[in-house]
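Subject: Structure for your review

Dear colleague,

Please find below the structure that I am handing over to you. My findings follow after it, arranged by topic.

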Amino acid sequence: TSTIWSIAFSKDGDTLYSCSADKTVMVWTLDDSDGLYHQSTTLSGYHGREIYSLDVNSDGYIATGCGDDAIRIFEKDASSENKNSYQLASSKEKAHSSDINCVAWHPVEKNYLA
């Protein structure tokens, strides 16, 4: 429970992702019975400072930009029974000389990240 810096929706709109000053990414799943998003997963322990930005590509990869100057990419954990479980797929420490305030996947070339 902290300042939310960025949100993104999955391609189908069934999942909402948020990142915040408490160094977490939260995954929220749409409940068809009440039409509300409910928290289903929290990614924590990966970021050294506030997470300022996130984006999700069409394959469900989450990219984060953080105050610790790193970019991280998370992928769904296929070995988990929780369908909204993620694992760290890649991390680029010191991706920039200072805070990373924005990340975005290319809308067509799904593997391009800016």
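In which sense do S1 and S2 pair, and over how many bridges? The two strands pair in the antiparallel sense, and five bridges join S1 to S2. Please bear in mind that this is a predicted model. One of the places to look at in this pair is serine 6, which stands opposite cysteine 19 in S2.

The sheet of S1 to S4

S1 and S2 belong to an open sheet of four strands, in which the order is S1-S2-S3-S4 and the pairing is antiparallel. Strand S1 (4-9) and strand S4 (36-43) each have a single partner strand and stand at the edges, so one side of each has no neighbour in the sheet. From one strand to the next, the twist averages 25°. As a general point, the strands of a sheet pair through backbone hydrogen bonds, and this may be parallel or antiparallel.

Strands S6, S7 and S8

S6 and S7 also pair in the antiparallel sense, over four bridges. Here glycine 65 stands opposite isoleucine 71 in S7. S7 pairs with strand S8 (residues 86-92) as well, again in the antiparallel sense, over six bridges. Arginine 72 stands opposite serine 91 in S8.

Most residues other than glycine have a negative phi. Lysine 23 has a phi near 70°, a positive value although the residue is not glycine. Lysine 23 sits in the loop between strand S2 (15-20) and strand S3 (25-31). Its relative accessibility is 36%, so lysine 23 counts as partly exposed.

Aspartate 69 likewise has a positive phi, near 70°. Aspartate 69 is placed in the loop between strand S6 (62-66) and strand S7 (71-76). The hairpin formed by S6 and S7 has four residues between the strands, and aspartate 69 takes its positive phi there. Is aspartate 69 buried or exposed? Its relative accessible area is 10%, under the cut-off of 20%, so aspartate 69 is buried.

Serine 53 and its surroundings

Serine 53 is found in strand S5 (residues 51-56). With a relative accessible area of 4%, serine 53 is buried. Which residues is serine 53 in contact with, leaving aside its neighbours within four places in sequence? Among them are Ser6, Cys19, Thr64, Gly65 and Cys102. Serine 53 and cysteine 102 are 49 residues apart in sequence, yet their C-alpha atoms are 5.0 Å apart in space. The side chain of serine 53 also reaches the backbone nitrogen of valine 103, at 2.9 Å.

Threonine 64 and its surroundings

Threonine 64, one of the contacts of serine 53, lies in strand S6. Threonine 64 is buried, and its relative accessible area is 0%. Its side chain and that of histidine 47 are joined by a polar contact of 2.8 Å. Leaving aside neighbours within four places in sequence, the contacts of threonine 64 include Val25, Ile51, Ile71, Arg72, Phe74 and Val103.

Yours sincerely,
A colleague

Conventions. Residues numbered from 1 in each chain as written. Predicted model: local features only at pLDDT ≥ 70, side-chain atom pairs only at ≥ 80, totals over all residues. Heavy atoms only, no water. Buried < 20%, exposed > 50% of the residue type's maximum accessible area, 1.4 Å probe, protein only. Pairing = 2+ DSSP bridges. Contact = heavy atoms within 4.5 Å. Polar contact = N/O pair within 3.5 Å; in protein donor to acceptor, adjacent residues only side chain to side chain. Axes fitted to C-alpha atoms, helices over the stretch in contact; angles between N-to-C directions.
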